[in-house]
Amino acid sequence: MIHTSKYAPHIVVVRPGVERLTAINSKAFKEEVIALIEGGASQLVIDFKEVSFLDSSGLGALTGVLKRIGHRGDLVVCGLNSDVTQMFKICRMDRVFKSYLDVDAAVQAMSESL
Amino acid sequence: MSALTFHMQNQLEAVDPMVLALKSHLQDKVADEVLMRFDICMSEALANLVLHAKTEQKDAPIDLMLDFDGELLIVDVFDPDGTAAFDIRKQARALSDVDVMAESGRGLGLILECADGVEYGPVQNRRCLSLKFQARN
């Protein structure tokens, strides 16, 4: 389901691999990203460029991943379209996740913070 | 547009295709922002019904009716036969009361937040969740 790319030695970009991150696939998304974390990844960028919609399950999965990372690393998001951005705002998740325009901006910011 | 009826299998796999089918009848007829809120409400309402409704007849389909007069959009979601009554208006938690780090508990609050009107009650010997949206802001 997910697709990953390494950008810097410690930064992994994750693309969910679905157009809609919803109740049908959010559990698998969470499990696959947590498997990455358990495999050692701790600086994650979730790229939503190809995700047109996410529901509360998708947000819940994202929160679960963030909690799993805890203080060991960081998780940011990028590529949010207007609908996904609005969903983050409605649920106040814009206060939880740092959001960047695209992968390059997210990776640069994350690299500078390491 | 005259009222359209839809039938959905009571399965999680059927939710996204149903929502997209409903939206296909509304493209270019309602504002994008309204369509986004409609998407949220329908995704949450149908997933909640499939995942959490107490029912003795899991195979009973979910019937829907979509009605749009150019200004007011109404979608009715009928509880499948054998389903216990569940009024989301009485069960939903306000989004402001949900811990931002919670992994669940936002769905019903999202429906109340995103729909312009929410009703629930008996319609033609069945129970129905009725969601209303003004087509333009």
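This is a predicted model: local features need pLDDT of at least 70, side-chain atom pairs count only at pLDDT 80 or more; totals for chains, interfaces and linings use all residues.
## The interface as a whole

Chain A gives 21 residues to the contact and chain B gives 25. About 2000 Å² is buried between chain A and chain B. Carbon and sulfur atoms give 62% of that area. On the chain A side, R20(A), I90(A) and R92(A) supply 28% of the area that chain A buries against chain B.

## Polar links across the interface

There are 10 residue pairs in polar contact across the interface of chain A and chain B, with both residues at pLDDT 80 or more. Two elements of chain A give two or more residues to the side that touches chain B: helix 2 (56–69) and helix 3. Helix 2 of chain A gives the most, with 6 residues. By class, this side of chain A has 9 nonpolar, 6 polar and 6 charged residues.

Salt bridges between chain A and chain B number 4. One pairs the side chains of R20(A) and D39(B), at 2.9 Å from N to O.

The structure holds 13 salt bridges over all chains. Another salt bridge joins the side chains of K30(A) and E103(B), at 2.7 Å from N to O. This pair crosses between chains. K30(A) sits in helix 1 (residues 26–38) of chain A. E103(B) sits in the loop between helix 3 (88–91) and helix 4 (107–114) of chain B.

## A helix pair between the chains

Helix 3 (residues 82–90) of chain A meets helix 2 (residues 32–52) of chain B. Their axes come within 10 Å and cross at roughly 65 degrees. The crossing is right-handed.

From helix 3 of chain A, the contact uses D83(A), Q86(A), M87(A) and I90(A). From helix 2 of chain B, it uses M36(B), I40(B) and E44(B). By class, the contact has 4 nonpolar, 1 polar and 2 charged residues.

## Helix 2 of chain B against helix 1

Inside chain B, helix 1 (residues 15–24) packs on helix 2 at an angle of about 145 degrees. Their axes are 10 Å apart. The crossing of helix 1 and helix 2 of chain B is right-handed.

Helix 1 of chain B contributes V15(B), M18(B), V19(B), L22(B) and K23(B). Helix 2 of chain B contributes L35(B), F38(B), D39(B), M42(B), S43(B), L46(B), A47(B) and V50(B). The residues of this contact divide into 10 nonpolar, 1 polar and 2 charged. D39(B) takes part here, and D39(B) also forms the salt bridge with R20(A).

## Helix 2 of chain B against helix 4

The axes of helix 2 and helix 4 of chain B come within 9 Å and cross at roughly 145 degrees. This crossing is left-handed.

R37(B), I40(B), C41(B), E44(B), A45(B) and N48(B) of helix 2 meet G107(B), L108(B), L110(B), I111(B) and C114(B) of helix 4. By class, the contact has 7 nonpolar, 2 polar and 2 charged residues. I40(B) and E44(B) touch helix 4 of chain B, and I40(B) and E44(B) also meet helix 3 of chain A.

Terms used. Residues are numbered from 1 along each chain as its sequence is written. Chains are lettered from A and ligands numbered from 1 in the order in which they are written. Side-chain values use heavy atoms; hydrogens and water are left out. Axes are lines fitted to C-alpha atoms, for helices over the stretch in contact, and angles run from 0 to 180 degrees between N-to-C directions. Helices (H or I, at least four residues) and strands (E, at least two) are DSSP runs, numbered from the N terminus. A crossing is left-handed if the near helix is turned anticlockwise from the far one by less than a right angle, and right-handed if clockwise. Contact means heavy atoms within 4.5 Å. Ala, Val, Leu, Ile, Met, Phe, Trp, Tyr, Cys and Pro count as nonpolar, Asp, Glu, Lys and Arg as charged, and the others, Gly among them, as polar. Buried area is the accessible area (1.4 Å probe) that two parts lose on being put together, summed over both. A polar contact is a pair of N or O atoms within 3.5 Å; within protein, one must be able to donate a hydrogen and the other to accept it, and residues adjacent in sequence count only if both atoms are side-chain atoms.
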